[in-house]
Amino acid sequence: MMLATTLRVLEQLRHDHRSVALILVVPALLLAVIYFLFENETLPPGAPRTFDRVGLTMLAIFPFVVMFLVTSVTMLRERTSGTLERLLTTPIHKADLLFGYAVAFSIMAALQSIVATAVAYWIFGLEIQGAAGLVVMIAVLNGVLGVALGLLCSAFARTEFQAVQFMPVVVVPQILLCGLFVAREQMNGFLEAVSDVLPLTFSVDALQEIAANTAATTAMWQDAVIMAAFVVGVLVLASLTLQRQTS
């Protein structure tokens, strides 16, 4: 049943060209904007480019944001159209349904991450110590995290506008506190404590480990495992909050 749900969602996405463009094309275009923002910066000889730091972090943030938005809105449409309620009258388990959606959108997140990483490396010349494959892995985990949080938040929204309103509450604080703008050790003590328990923080830490080391480190794998645990926990919580009837 989970496989059937996955195939159904992928088939729907195949005919939704705008969502496919949002998932696959928009992150690469935004990455181009970031590259050209720093194109003319003046650096001392041998100094790393700002794009190599900011662009690398954005390879994790973009999948997180885009997949949260697409997943929450799509799941809400399923509920408001009555599709979700009809499905839940069948023997399908709520966990099968949620994990089916998660697998389908995770496949799209993986494609998105591959496209964005390829653009960063081969068009904009991203230079870091670690392997591109590890960057893709962390980016995919971020995309799956966005999917899981999108599925969870959609349970509490009644309209698409309400689903989007969760972004300032769930997504934006994680972007602000992940260490992209200010190093976490330089933050206010309270904000640093909050950032220490946000999942996006672990992805940024993992990317920094990849950027600074030629081989995968223990710290990077620990961050990846914590992110995966967040994903599973959020999906389980989403299955518990999924209602069988639409109010």
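Trainee: At what angle do helix 7 and helix 11 pack?

Mentor: This is a predicted model. Helix 7 covers residues 132–154 and helix 11 covers residues 199–212. Their axes lie 10 Å apart, and the packing angle is about 175°.

Trainee: Is helix 7 roughly parallel or roughly antiparallel to helix 11?

Mentor: The angle is about 175°. Angles over 145 degrees count as roughly antiparallel. So helix 7 is, relative to helix 11, roughly antiparallel.

Trainee: Which residues of helix 11 meet helix 7?

Mentor: Start on the helix 7 side, with L134, V135, I138, N142 and L145. By class, this contact has 9 nonpolar, 2 polar and no charged residues. The helix 11 side consists of P199, L200, S203, A206, L207 and I210.

Trainee: Is L141 buried or exposed?

Mentor: L141 is also found in helix 7. Not counting residues up to four places away in sequence, L141 touches A224, M227, A228 and V231. Its relative accessible area is 17%. Buried means under 20%, so L141 is buried.

Trainee: How far apart are the C-alpha atoms of L141 and V231?

Mentor: V231 is among the residues that L141 touches. Along the chain they are 90 residues apart. Their C-alpha atoms are separated by 8.2 Å.

Trainee: Which residues is T57 in contact with, leaving aside its neighbours within four places in sequence?

Mentor: T57 lies in helix 4. T57 is buried, with a relative accessible area of 8%. T57 and V204 are 147 residues apart along the chain, yet their C-alpha atoms are separated by 6.3 Å. Leaving near neighbours in sequence aside, the contacts of T57 are L180, V204 and L207.

Trainee: Which helices do the buried residues of helix 9 pack against?

Mentor: Helix 9 spans residues 167–177. Its buried residues are M167, V170, V171, Q174, I175 and L177. They pack against helix 4, helix 7, helix 8, helix 10 and helix 11.

Trainee: How are the rings of Y35 and F36 arranged, edge-to-face or stacked?

Mentor: A search of the whole structure finds 6 aromatic pairs. In this one, the ring centres of Y35 and F36 are 5.2 Å apart and the planes stand at 75°. Over 60 degrees counts as edge-to-face, so the pair is edge-to-face.

Trainee: Which helix holds F51, the partner of Y35 in an aromatic pair?

Mentor: Y35 and F51 pair edge-to-face, at 5.3 Å centre to centre and 90° between the planes. Both residues are buried. The pair links distant parts of the chain, 16 residues apart. Y35 sits in helix 3, and F51 in helix 4.

Trainee: Which residues do ring pairs link into a cluster with Y35?

Mentor: F36 counts as partly exposed, at 47% relative accessibility. Y35 and F51 are both buried. With Y35, the cluster holds F36, F51 and F124.

Trainee: Where in the chain is confidence lowest?

Mentor: The mean pLDDT of the chain is 85, and 92% of its residues reach 70 or more. Confidence is highest in helix 11, at 92. The lowest mean, 65, belongs to helix 5.

Conventions:
Residues are numbered from 1 along each chain as its sequence is written. This is a predicted model: local features need pLDDT of at least 70, side-chain atom pairs count only at pLDDT 80 or more; totals for chains, interfaces and linings use all residues. Side-chain values use heavy atoms; hydrogens and water are left out. Rings of Phe, Tyr and Trp (its six-membered ring) pair if their centres lie within 6.5 Å; planes under 30 degrees apart count as stacked, over 60 as edge-to-face and the rest as tilted. Buried means under 20% relative accessible area, exposed over 50%, partly exposed in between (1.4 Å probe, protein chains only). Helices (H or I, at least four residues) and strands (E, at least two) are DSSP runs, numbered from the N terminus. Axes are lines fitted to C-alpha atoms, for helices over the stretch in contact, and angles run from 0 to 180 degrees between N-to-C directions. Angles under 35 degrees count as roughly parallel, over 145 as roughly antiparallel, 65 to 115 as roughly perpendicular and the rest as oblique. Contact means heavy atoms within 4.5 Å. Ala, Val, Leu, Ile, Met, Phe, Trp, Tyr, Cys and Pro count as nonpolar, Asp, Glu, Lys and Arg as charged, and the others, Gly among them, as polar. pLDDT is the predictor's confidence in each residue, from 0 to 100.
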